[in-house]
Amino acid sequence: MQHLSLCPHADCWAEPMQARDSEIIHTMCGRYIRKSDKQRIAEAFHIRNDISTLAMPPDDYNIAPSTFQPVIRESKDEAGRELVMMRWGLIPFFTKQLSDLKGMSTINARAETILSSPTWREPFQKRRCLVPVSGFYEWHKIDAKTRKPYVFTVADSSLFAFAGLWDAWKDPGGGWLQSFSIVTTEANELMSSIHTRMPVILHNRDYDRWLARDVTEQPPIDLLRPFESDEMEMEPANQAVGNVRNNGPEMLIGEPLVNTVSRP
């Protein structure tokens with residue numbers, strides 16, 4: 001089956017942009033971290049399906065677009081949640097051929113246009129998911145040539161969830177490819193020192209409502225808001241995280257904070 005080459009260096013939290021081929025990041029880029037294995041995720045999110053054959057690494061410190069990652073959705077056939085692997089970079093169900101998406105990034109869905117965009121409208125109504133994460137990276141532009149990575153986490157939480165959307169695309173050969181996107185919103189006070197946007201982080205109390213498959217007159221658009229700044233932490237990350245080939249806990253260790261960023 002032909003694979004969609006979504007840009008692994010697209011600006012994850014910003015508008016869709018043209019794909020770039022460079023392996024080394026010179027622009028702000030969306031990456032996230034998962035420090036939990038499938039069993040830990042299953043326990044934390046009350047997964048009901050059999051995950052014994054689910055193939056995934058126990059952790060990943062430099063998750064990039066176009067890779068297959070664990071997501072959580074409400075099961076269609078049985079009551080409860082299921083953990084499945086999907087490709088990061090949503091392929092709309094109505095896509096006729098992958099070349100139609102060439103040069104586009106669908107790794108993020110803007111909350112402001114989620115009800116009006118054909119790409120996001122139906123997934124938001126029917127196919128919402130949780131993306132389990134331990135943190136995410138963002139780059140601060142210091143000058144024209146210098147960008148410094150930072151890692152953002154939720155205080156006192158080693159595992160939380162982004163709001164996600166998923167879809168299933170049938171290729172010309174009859175095979176199915178399931179993929180997902182991360183919903184973004186305007187930055188909170190902490191994040192705004194680095195970027196104008198951030199991923200939507202959901203509270204545990206809102207998981208069931210977000211995952212519900214039932215189509216309602218009032219979908220959970222109100223959940224797509226910035227997470228509380230005082231419940232998040234920001235620390236410098238390793239400059240090496242800019243290269244997708246670099247992975248490991250050392251990606252979380254950067255130079256001490258200096259006066260290049262004003263913390264709220």
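# A guided look at one predicted chain

Visitor: What share of the contacts with a separation of 6 or more comes from residues 24 or more positions apart?

Guide: Such residues account for 69% of those contacts.

Visitor: Now for a strand. How do I read the side chains along β6?

Guide: The general idea comes first. In a regular strand, side chains alternate between the two faces of the sheet. Here, R128, L130 and P132 point one way from β6, while C129, V131 and V133 point the other way.

Visitor: And how many residues of β6 are buried?

Guide: Strand β6, residues 128-133, has 6 of its 6 residues buried. Both sets of side chains, those pointing one way and those pointing the other, belong to buried residues.

Visitor: Which strand is joined to β6, and do the two run parallel or antiparallel?

Guide: The partner is β9, residues 160-170, and the two strands run antiparallel, with 6 bridges joining them. To find your place in the pairing, look for V131, which stands opposite F162 in β9.

Visitor: My last topic is charge. How many salt bridges does a search of the whole structure find?

Guide: Side chains of opposite charge can pair when their charged atoms come close. In this structure the search finds 6 salt bridges. One of them links E82 with R73, where the closest N and O atoms are 2.6 Å apart.

Visitor: Are E82 and R73 buried or exposed?

Guide: E82 is buried, at a relative accessible area of 14%. R73 also counts as buried, at 9%.

Visitor: Which parts of the chain does the salt bridge between D208 and R81 tie together?

Guide: D208 and R81 meet through their side chains at 2.6 Å, N to O. Because D208 lies in helix α3 and R81 in strand β4, the pair ties together parts that are 127 residues apart in sequence. D208 is exposed at 53% relative accessibility, whereas R81 is buried at 10%.

Visitor: Where do E112 and R197 lie?

Guide: Their side chains form a salt bridge at 2.9 Å, N to O. E112 lies in the loop between β5 and α2, and R197 in strand β11, so this pair ties together parts that are 85 residues apart in sequence. E112 is partly exposed, at 47%, and R197 is buried, at 6%.

Visitor: Which residues are linked in a network of salt bridges?

Guide: Look for E122, R127 and D167, which are linked in such a network.

Terms used:
Residues are numbered from 1 along each chain as its sequence is written. This is a predicted model: local features need pLDDT of at least 70, side-chain atom pairs count only at pLDDT 80 or more; totals for chains, interfaces and linings use all residues. Side-chain values use heavy atoms; hydrogens and water are left out. A salt bridge is a side-chain nitrogen of Lys or Arg within 4 Å of a carboxyl oxygen of Asp or Glu. Buried means under 20% relative accessible area, exposed over 50%, partly exposed in between (1.4 Å probe, protein chains only). Helices (H or I, at least four residues) and strands (E, at least two) are DSSP runs, numbered from the N terminus. Two strands pair if DSSP finds at least two bridges between them. Contact means heavy atoms within 4.5 Å.
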